[in-house]
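User: Please give a close look at a single part of the structure shown here, beginning with the place where the chains meet. I would like one connected account, with the criteria behind each term stated.

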Amino acid sequence: MTNDTSILVLGWIGIYAPVALAAIGASIGCTTAGQAAIGAMMEVSSGYGRFVGLSALPSSMSIYGIVVMFILNRAVTPANSGGLFGIGLLSGLAFLMAGIYQGLCCASAISGSKSKPEIFGLSLAPAAIVEGFAVFAFVFALVAAGGIPR
Amino acid sequence: MKYVVLMASLPPLGTLFEAATPPISRIRLESRLALLEAADRQTLERIANLIAWSAQPLERSDAAFVAEAHRFLATNPSPTLRRLVTQRLEMRTIVAALRRRRRGEAKPPAGEVWGFGEWVGLIERHWSAPTFQLEGIFPWVRQARELLEKDDLIGFERLQFSVVWAMLNRLGEGHHFDFEALIIYLARWSLVSRWSGYKAESAVVRFRELVDAGLGSHRELFAGASQ
């Protein structure tokens, strides 16, 4: 494999990395929160809908990943491969970790609010804060992508 | 991740001395524990055999018990669980020493394994010191000794429960949806269950069970003598 080909491969990895890594993070996060929802439903006799709804929150990472992928998607050249790889991989890692930890936040919120329904709204705060960090990564990936040559 | 369902299905235990009954019954708890895999159930049973009084067979010697504890510590990979077992058994060793001295043993037991952990030697060397020189490490020992001196056995029991509860809270930090969190939950549930279940009737039943177990094969002999 020549040097140019290696660089082009990095560019293609950069384009697909956000959606792939975000999908992994969202899957793990939704699985964790979903399991907590199932556990909570074993204990309570009502309010199932909000537990299931909350367990889907980490899926937003996939959406961010898809949008970043679309923004990065272009003809890969040696001139833009490095930028695509850097932004794609790092934003994808940010979505991956945010998805996993947001799932844990949601699981804790579900577990805590099952016996104290009045804290349900407040218990969402940690998950919302994690979402905020993912939004930072998302927005600045879009901003930085504007500087990558087409 | 496999413990998330189980942990989320368990109700919060609240505070130790306030609950009139445990928030989840033993039957429901055991049905939830059916979600555990065989290896986890085995680990749970090993820990219960080491730290739960109700799981202690009378015929097991202290030496066999300590050997089993060392086997567990050598094989279990979790630092939190190893600390849990170690701290509980060290506390039990100190309580045993206090009780032995209270019942008049002027010297530490000689030629037998009677305790567990790194403090056994220190306790033996300072047997006559009020707190075995341990109060710097275990501040509760002084209060425990005073309660025993006053024959305040309920206060003594309450103090032990408080110390173990605080210890479990410390060990549980950082554990929410893992096996350690489950073991700590069960240990705390056990405390709540025992404290809320302290009743004279239960004590009589337990006493009879112990007497029956102690009599063993001689029971029929005594039964025949009483006729």
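Analyst: In the interface, 14 residues of chain A are in contact with 11 residues of chain B, contact meaning that two C-beta atoms, placed from the backbone, lie within 7 Å. The side of chain A that touches chain B draws two or more residues from each of α1 (3-43) and α4 of chain A, and its largest share, nine residues, comes from α1(A). The model is predicted, and local features need pLDDT of at least 70, side-chain atom pairs count only at pLDDT 80 or more, and totals for chains, interfaces and linings use all residues. Residues are numbered from 1 along each chain as its sequence is written, while chains are lettered from A and ligands numbered from 1 in the order in which they are written.

Chain A itself has six helices and zero strands, where helices (H or I, at least four residues) and strands (E, at least two) are DSSP runs, numbered from the N terminus. Read from the N terminus, its elements follow the order α-α-α-α-α-α. Along the principal axes, the C-alpha atoms of chain A fill a box of roughly 60 × 25 × 15 Å. Of its 150 residues, 47% count as buried; a residue is buried if 20 or more other C-beta atoms lie within 10 Å of its own, exposed if 12 or fewer, and partly exposed in between, with C-beta atoms placed from the backbone. Among contacts in chain A between residues at least 6 apart in sequence, those joining residues at least 24 apart make up 86%.

α1(A) meets α3(A) at an angle of about 175°, with axes 8 Å apart; the axes are lines fitted to C-alpha atoms, for helices over the stretch in contact, and angles run from 0 to 180 degrees between N-to-C directions. α1(A) is therefore roughly antiparallel to α3(A), on a scale in which angles under 35 degrees count as roughly parallel, over 145 as roughly antiparallel, 65 to 115 as roughly perpendicular and the rest as oblique. Residues making this contact include A:Gly14, A:Tyr16, A:Leu21 and A:Ala26 of α1(A), and A:Met61, A:Tyr64, A:Val68 and A:Leu72 of α3(A). A:Ile63 also belongs to helix α3 of chain A; this residue counts as partly exposed because it has 14 C-beta neighbours inside 10 Å. The C-alpha atoms of A:Ile63 and A:Leu84 are separated by 18 Å, at 21 residues apart along the chain.

The 21 residues of helix α6 (residues 125-145) of chain A should span 30 Å, and its end C-alpha atoms are 30 Å apart, which agrees; the expected span is 1.5 Å times one less than the number of residues. Buried in α6(A) are A:Ala127, A:Val130, A:Ala134, A:Ala137, A:Phe138 and A:Ala141. They lie on the same side of α6(A) because they cover an arc of only 95° around the axis, the arc being that of the directions from the helix axis to the C-beta atoms. An α-helix has 3.6 residues a turn, so residues three or four places apart point the same way. The cover over the buried residues of α6(A) includes α3 (60-72) and α4 (81-113) of chain A. On the face turned away from the buried side, α6(A) carries the exposed residues A:Ala125, A:Ala128, A:Ile129, A:Gly132, A:Phe136, A:Val139 and A:Val143.
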